[in-house]
There are 2 protein chains.
Amino acid sequence: MPTYKAPIDEVMFLLNDVFRIERHNNLPGFSDATPDVVEAILTEGAKLSEGVLLPLNQSGDRDGCVRNADASVTTPNGFRDAYRLYAEGGWVGISGDPAYGGQGLPQAIGAIINEFCTSANMAFTMYPGLTKSAFSALLAHGSDEQKQTYVPKLIAGEWLGTMNLTEPQCGTDLGLLRTKAVPQPDGSYAITGQKIFISAGEHDLTPNIIHLVLARIEGAPAGTKGISLFIVPKMMVNPDGSLGARNSVSCGSIEHKMGIHGNATCVMNYDGATGWLVGEPNKGLNAMFVMMNEARLGVANQGLAQSEVAYQNAAAYAKERLQGRSISGRKAEDKVADPIIVHPDVRRMLLTIRAFNEAARALLMSTAIEVDLAHQAGDKALAQRAEDRLGLMTPILKGVFTDLGFDNCVLAQQVLGGHGYVAEWGMEQFVRDARIAMIYEGANGIQALDLVGRKLPKDGGRAFMSFMSEVAQTLESVKDDAELTFDVKAMKQGLDRLQQATLWFMQNAMAKPDNAGAGSTDYMHLFGLVALGHMWLLMCKAALVAKAEGRGDPARWASKLAVGRFFMERMLPETGTRLARITAGADAVMAMPAEAF
Amino acid sequence: MPTYKAPIDEVMFLLNDVFRIERHNNLPGFSDATPDVVEAILTEGAKLSEGVLLPLNQSGDRDGCVRNADASVTTPNGFRDAYRLYAEGGWVGISGDPAYGGQGLPQAIGAIINEFCTSANMAFTMYPGLTKSAFSALLAHGSDEQKQTYVPKLIAGEWLGTMNLTEPQCGTDLGLLRTKAVPQPDGSYAITGQKIFISAGEHDLTPNIIHLVLARIEGAPAGTKGISLFIVPKMMVNPDGSLGARNSVSCGSIEHKMGIHGNATCVMNYDGATGWLVGEPNKGLNAMFVMMNEARLGVANQGLAQSEVAYQNAAAYAKERLQGRSISGRKAEDKVADPIIVHPDVRRMLLTIRAFNEAARALLMSTAIEVDLAHQAGDKALAQRAEDRLGLMTPILKGVFTDLGFDNCVLAQQVLGGHGYVAEWGMEQFVRDARIAMIYEGANGIQALDLVGRKLPKDGGRAFMSFMSEVAQTLESVKDDAELTFDVKAMKQGLDRLQQATLWFMQNAMAKPDNAGAGSTDYMHLFGLVALGHMWLLMCKAALVAKAEGRGDPARWASKLAVGRFFMERMLPETGTRLARITAGADAVMAMPAEAF
């Protein structure tokens, strides 16, 4: 059975040494997040993930969810009890608004707890996962009455929320949406249509489920301009907050899928269900985008989380499994063979994963801090900068973290050889579970188009320029550090390639948009590598400071520098291939007629 | 349900235009393989794969194999009937020695049929798959009596064969093997031990199963020098060829695994089972290597085969699924949206797969032709050149085809979005099935070490130099072709990088072998890209000739050139990243102590 240990030390290093969150202690939320409090919270989160959620991961995968004859859904054994602990611990609302019962801690802390729980049990953590996005959307766009009725229950985890966009004929292209909403005399709407791929659409964890549903009000314009957002509770809510009658929404079936078997992926049938409009008619996408952007960061986190737990198990195996001898001379004379960690190719696999994990956690945390700054800073310029950065980084994190998170699970599985392929060791589950993150909340190709087509040119490229100048500043700040000479040189080359790629789009994509489309995925990954490299510079710098000040274990700082060096030597050079592909343009891609495929 | 159409046109193009197999019609086997005969055989193979095997692929995955209380194993519904057709069609022995009842056709033809069947149903095709390697090993190392007793039955598919190497403590490192063999008065051996991960170890397809088992004769030296190979039949064989008593070998359990559910992966328990020595005592690995090398090419073929069927289904979906509009202006005015094939990023995914598939099929065929030449040529120099090339290419094909084959299944799955993640469409099964090919028959990291540590330096680098000079010759032959100017330039750069990487190993790996280990996987992929690029040059050249001669559909040759260009522009540049990683050396890889992982 796989093991997991929440990486608390790494997190504390990031919070205190790399990002120095005490700088922000003038902000609400951060003022409560003293290092001691944070460490205590992380320790509790670690206990929950390691002790409660991890033991249910394999059994949840094996047993899956069951849709019963009455259309109810039973979650795997143990999920109900685990969820009770999760909700009672206040974890759903850890970063939620205190005015509605939330803990009010920074998003950065919430993201870390989310990583821990997702590493331990991704399918389980998806149940409360979308609820956080749901109450954010309601807080941003709901009426006061809606906020009062639903948000406290969601933040407390008494009810859970879902996100209903996809229909059989309508995935990426929401303009094709058909679910209809007919106004009723009481101000509600009758919602009719079928939604598919609805995560946690039906389950037995909470007495009510609050569906946020996109639908088209009768007579509304075609396309995306006629889409509205509705609250459709599974159980009607009485004025006093108690539960009333069953609404006309039900689970038609659950999908048989590659992974996340513990999470019920439902076909949801709306048969004139009662729904309540959120925000203005035909402006549903604005509200849904609040939910979607938060959800995208959550999905990015899934890529990291699966990569982390996969790494831990592969590294443990590599240190124990005796097989063959080191090519540079035997290392374990007393044993029948050396542990396979002696082999450079095994280390290559492990270091590839780890060099991503540590930098990805840093990048996710820095982005989560931007969420906090964007919402809370009194300083308008700072808030705008944070908003810009968040918009720019969201598609990169979603696309790159989930692509690499999956690749890393595959690498980790490879370390175990045949044992990685059988269910017993749990590695193949990480691969199957991680795979979905590249697809949902906007397939990664859509993230790349969002980056290149919208986020990059937005406001005259302001967000991009701010990113470039921040990295240049970091490079300037470490340029005289003898231990980072190589890293600085490598990063300058990476940054230069990102600049070249961006210029190439400016010069070649206006006249021919296919040039942007053909290079978008490569651009997203090029950008991601540079952004991860930037985190490595910051982490190496912080490690050198700690080492110079004599803090912590010197071996730890040496490892940090070694993994950083591995990233610069082995992973950043991929920027060259990415640039070559981008500047090849769209000609070969578009040459063949559709029927030749 | 997924569809599949065997790519007969592609195969005929390769056989007749690219490799012109009529050149070899002085050789046995080839003389019978006239274009008409070949096309007829391919058509029959296509019928079998499309009509019989494909319909059992999803159900075989869903139902899996069952081990019964009496230790027998039941294969999925329909497998028995399908196997009867397969065996009666003579497909097991298609390239088998006619002296033992085989069809005697070239390995190149056998490999193609194997591709078709594996695309249609990988788990099924694995049952007869290892039997081909088993009779090759017996023909090379068995006694006359063993050949007469077992080979005709195996070639006819009346019995099937297996390969028993792995034990719980012994995977890659066969020196750790413990299964023991005790000589008996009648000349047989009593075999005792446990083997794991035995594909098709037990099943209900044939009345007998012939296990080829590695074991250590009592008193034999430790390590790999004391390993012998034994035939252990499931049912004892009477002198007249009829079946006798049950041997003491049985299936202890079957593995629950990520994919290939239709194939029984068994724990095999040998409890003093009667076995017969094959070849000399303590020389078992020599005989097993015959089997293993053939099996490795078969596994390479699995990478290609899964990539091909995944491509076909993703391309079909991309042409049908309506979603969004082309960024260069709408294409299907009469529809609610354009088919997603209009999007450059979707084409990028499809072309990445296809540019591999077409070149990989060519490379596999050219390697299979070398197998034929090595075995059959009267010309000693030619036979040696063929043997060299086969040795060099085997690890590259196994490692690169299975890595890219898997990556391609993941890409193809991505084209379908959420529909790729649910079982219904079959795409996620291709991913799960393809994953094993990177692991078994020597994990890909082992292939890379075999390439760098053994195949490259062997005979003073003779095989490598012969490869380099052949590619240089091809480049010379197309250098004046105006339509290939870009391709020639790109390939020259790729070839130059391969040369540089090889030189770097020569200069840096002698003194420090870890430098070879740390770069071995990147080297294998660098080599693979160049070898695939070489196939693209040959295919483009052949397409230009056909076009100039007015043969075939001009649109087909235009597609061939377009996909070739895509390979050169988008895939070959990865050689740059690979070279950078190789020349980074082992320092960062080996820097951390084991406990820091």
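Predicted model: local features only at pLDDT ≥ 70, side-chain atom pairs only at ≥ 80, totals over all residues.
**Symmetry**

Begin by selecting chain A and chain B in two colours. Chain B is superposed on chain A by a rotation of 180° with 0.0 Å of shift along the axis, at an RMSD of 0.0 Å. The two copies are therefore related as by a two-fold rotation axis. To locate that axis from the side of chain B, select B:Thr577: its C-alpha is the nearest of that chain to the axis, at 3.2 Å. The two copies use the same surface, since 100% of the contact residues of chain B recur in chain A.

**The interface**

Next, display the residues of each chain that touch the other. Chain B contributes 88 residues to this contact, and chain A contributes 88 residues. Between them, the chains bury about 7300 Å², and carbon and sulfur atoms give 60% of this area.

**Polar and charged pairs**

Now show the side chains of B:Glu574 and A:Arg581. These two residues form a salt bridge, with their closest N and O atoms 3.9 Å apart. The interface between chain B and chain A holds 4 salt bridges. Polar contacts across it number 49 residue pairs, counting those with both residues at pLDDT 80 or more. Colouring by residue class the side of chain B that touches chain A gives 46 nonpolar, 21 polar and 21 charged residues.

**The nonpolar core**

Finally, turn to the largest nonpolar core, which has 431 residues. The residues with the most contacts inside this core include A:Leu350, A:Val415, B:Phe401 and B:Tyr523. Centre the view on A:Leu350. Beyond its neighbours within four places in sequence, A:Leu350 is in contact with residues of chain A, among them A:Tyr311, A:Ile341 and A:Val415.

Definitions and conventions: Residues numbered from 1 in each chain as written. Chains lettered and ligands numbered in written order. Heavy atoms only, no water. Least-squares fit on C-alpha atoms with pLDDT ≥ 70 in both. Contact = heavy atoms within 4.5 Å. Buried area = accessible area lost by both parts, 1.4 Å probe. Polar contact = N/O pair within 3.5 Å; in protein donor to acceptor, adjacent residues only side chain to side chain. Nonpolar A, V, L, I, M, F, W, Y, C, P; charged D, E, K, R; others polar. Core = buried A, V, L, I, M, F, W, Y, C linked by side-chain atoms within 4.5 Å. Buried < 20%, exposed > 50% of the residue type's maximum accessible area, 1.4 Å probe, protein only.
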